Amino acid sequence: MTGTGDPDAGADGLDAAFTETVRRTGASIGALYLLAPDEQLLRLHVMCGAPVELAAPWTRISLASPAPVTDAVRDDRLVWVGSQEEMARSYPRAAITLPYPLALVAAPVNGVRRWGALLLMWPATRPPYMTGRERSNIASSCRRLARALEEAADGGRPLGVKGPPRVVPAGTGHASASPAMAMADFIERLPGGSCALDLEGRFTFLSAGACELLDSDADRLLGTVPWQSLRWLDDPTYEDRYRAALLSREPVAFTACRPPDQWLDFHLYPDASGISVRIVRTGAQPPPVPAPHRSSRSATPARAGQLYQLTHLAAALTEVVGVQDVIDLVADQIMPAFGAQGLVLSAAEAGRLRITGHRGYTPHAIAALDGLPLDTDFTPAGRALGSGIPAFFADQEEMRRVYPQAPLVSGKHAWAFLPLIISGRPVGCCVLSYDHPHEFPAEERAVMTSLAGLIAQALDRARLYDTKHELAHGLQQALLPRTLPAVDGLRVAARYLPATHGMDIGGDFYDLIRLGDTAAAAVIGDVQGHNVAAAALMGQVRTGVHAQASSGTPPDQVLARTNRLLIDLGSDLFTSCLYAHLDFARRSVTLASAGHPPPLLRLPGGDSRPVAVPPGPLLGIDPDAVFPVTGIPLTPGMTLAFYTDGLIEAPGVDLDDAIARLARRLARADDRDLEGLIDDLLGNVGTTGQRADDVALLVLHHGAGHGR
């Protein structure tokens with residue numbers, strides 16, 4: 001359905017459903033995340049109860065990252081975190097950047113498609129559990145949100161994930177838009193208080209007594225945040241107390257010294273509309289541990305929010321695996337953190353800077369910048385790498401004075417060149433650029449410089465990982481069959497999917513062996529592990545099975561002799577294997593198993609079931625092992641499906657139930673298209689699903705007189 005409706009109307013409907021959900025659940029903070037079109041990224045779309053700046057580390061979250069909202073979407077379940085301790089156990093990275101007493105729930109927002117996730121937060125004073133009724137209400141609210149999103153899309157007003165997150169009123173209290181309204185909120189919260197802050201941390205009301213204690217006029221303070229307008233409060237410690245009150249919704253107190261020697265106690269009382277602050281003089285004795293005093297240096301300390309964001313980014317950089325992961329993290333999280341519009345990430349290779357990733361640049365600009373020598377004077381990258389000192393240019397004129405050609409090539413207006421160096425060795429260069437002139441305050445330069453060291457470490461590790469992965473993946477691809485032989489009377493299809501964790505390789509294998517004109521052998525196996533050793537042993541097993549099968553060895557002896565081969569090799573890895581001998585002349589299939597899941601048989605009428613094959617022990621354990629043999633008729637129109645355990649194993653799922661479900665999928669699939677049939681058997685495992693194990697699948701369809 002198409003339409004030309006007003007996009008604001010769709011947003012209004014969603015906002016109403018969202019704020020009503022937050023109000024009905026009694027949550028202090030709410031956030032709605034929507035899936036990006038590729039369904040690999042969650043973006044913060046709208047929130048209430050807190051400023052967007054507070055959520056800066058979590059405005060964009062990769063679906064593969066460990067977080068409550070990603071688990072809710074990925075696993076299609078409600079995720080409850082009842083305390084700060086539970087957060088530290090289950091989501092340590094989130095706990096680092098959210099060190100406040102609170103409880104939260106993340107729930108999937110699903111309708112005709114996956115839309116995203118709802119996040120709700122409460123003070124830690126609420127019970128540390130959720131009742132069944134609460135869970136039901138939240139699930140109903142998520143369905144309402146999904147309907148609002150679908151109605152907007154059907155009406156031609158799709159609510160995309162582009163643009164910055166929005167903040168909507170929480171629906172309780174009223175916005176403190178003027179001193180008079182702020183006074184009303186203040187009186188309701190704290191009789192006889194001294195001043196009030198809104199949720200952004202700005203002064204909205206000050207009494208005469210507050211102005212006297214703060215030694216400043218109300219006109220100068222209203223609309224400002226304390227740690228910017230009062231220099232003696234410009235310390236991350238004090239801003240962190242505000243954040244603690246805002247997030248925990250509990251009273252917070254701290255003591256600060258107003259120069260030269262007046263100590264003041266600040267008591268913060270938060271609610272959904274803002275924070276009331278009572279300021280009183282401290283007793284004659286100062287506190288035992290004075291608050292840090294302002295340094296005489298011109299550099300200002302980093303804001304508490306920036307420090308938490310730096311901590312979050314540092315934790316994220318420790319978890320990246322490959323070079324593309326580093327590029328995506330810098331582009332998705334570090335660029336927005338500094339408001340940059342352009343990125344060039346280069347790696348030092350053979351004396352040159354090779355661009356490994358970029359954002360916000362034209363192909364022409366990238367072509368001109370790629371492959372520059374490490375000591376180039378075309379851009380500041382060479383000098384930054386040589387000296388190890390970052391270079392910052394606030395506008396084109398500043399850049400043009402030293403590097404006249406650089407602004408013409410990039411078309412940007414401000415740049416930060418961050419050398420990536422480890423123990424004096426250049427790893428590469430990270431360039432953040434801006435479409436408009438941009439000043440780089442001392443605290444921003446300090447944070448960027450700190451991040452550059454972390455990016456260098458992550459990039460160096462990622463390049464090493466990618467090199468190892470390419471070698472291992474090449475080894476595995478060389479050991480798996482490139483094509484399967486054509487066998488008269490059989491149509492064949494096969495698929496291999498690596499695990500999505502680890503080195504992306506494994507020991508699963510399959511093969512089809514032509515044995516003259518009237519017979520063939522099919523084999524599938526699974527070597528323990530997901531590394532180079534598993535891939536290498538897989539090649540030895542496949543070669544051993546192929547050699548035994550080609551010599552006409554019966555199925556049980558093929559496994560027995562391969563078993564002795566593995567024991568002689570002295571490998572400490574075990575292998576499961578299923579071998580099938582297809583005799584077209586006798587119209588029979590003979591099977592033997594070494595601890596492998598049973599094959600599935602689909603008869604011409606569509607009836608499907610697992611074949612009962614008594615399994616022998618895994619290969620490589622017992623040199624005298626015996627492998628029982630099972631025979632079934634080879635009927636025209638029948639289909640056999642061989643698979644590895646990565647297709648059926650899942651936490652908390654009974655293996656027999658999983659095999660039965662797979663058999664039902666086989667029964668429903670169309671056997672005229674074996675590639676499509678494999679897609680049906682793989683299901684979500686083959687598309688967006690996360691795989692803890694690799695998967696191999698081999699499907700044979702017998703139709704007399706039909707080749708592959």
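Which residue of β18 is the bridge partner of L345? The answer is given in point 3, after the basis of the model.

1. Basis. This is a predicted model in which local features need pLDDT of at least 70 and side-chain atom pairs count only at pLDDT 80 or more, while totals for chains, interfaces and linings use all residues. Residues are numbered from 1 along each chain as its sequence is written, and side-chain values use heavy atoms, with hydrogens and water left out.

2. Chain totals. The secondary structure amounts to 21 helices and 29 strands, taken as DSSP runs numbered from the N terminus (helices H or I of at least four residues, strands E of at least two). Of the 708 residues, 53% count as buried, that is, under 20% relative accessible area with a 1.4 Å probe and protein chains only. The chain exposes about 31100 Å², of which carbon and sulfur atoms supply 53%; the areas come from the Shrake-Rupley method with a 1.4 Å probe. Among contacts (heavy atoms within 4.5 Å) between residues at least 6 apart in sequence, 63% join residues at least 24 apart.

3. The six-stranded sheet. An open antiparallel sheet has the strand order β15-β14-β13-β18-β17-β16. Strands β15 (372–373) and β16 (391–393) are at its edges with a single partner strand each, so one side of each has no neighbour in the sheet. Pairing here requires at least two DSSP bridges between two strands. Six bridges link β13 (residues 342–349) to β18 (residues 425–434) in the antiparallel sense, and in β18 the bridge partner of L345 is C430.

4. Strand β23 and its partners. Five of the seven residues of β23 (residues 588–594) are buried. Its antiparallel pairing with β22 (residues 575–583) extends over seven bridges, among them the one that joins L582 to V589. Four residues lie between the strands of this hairpin, in which R587 takes a positive phi near 55°. Strand β23 also runs antiparallel to β27 (residues 629–633), with five bridges; there A592 stands opposite V629. With β26 (residues 615–616) the sense is parallel, over two bridges, and A594 has G616 as its bridge partner.

5. Helix α18. The 19 residues of α18 (residues 532–550) should span 27 Å at 1.5 Å a residue, and the end C-alpha atoms are 27 Å apart, which agrees; the expected span is 1.5 Å times one less than the number of residues. Its buried residues include L537, M538, V541, R542 and V545. After the helix comes G552, with a positive phi near 85°.

Technical notes. Buried < 20%, exposed > 50% of the residue type's maximum accessible area, 1.4 Å probe, protein only.
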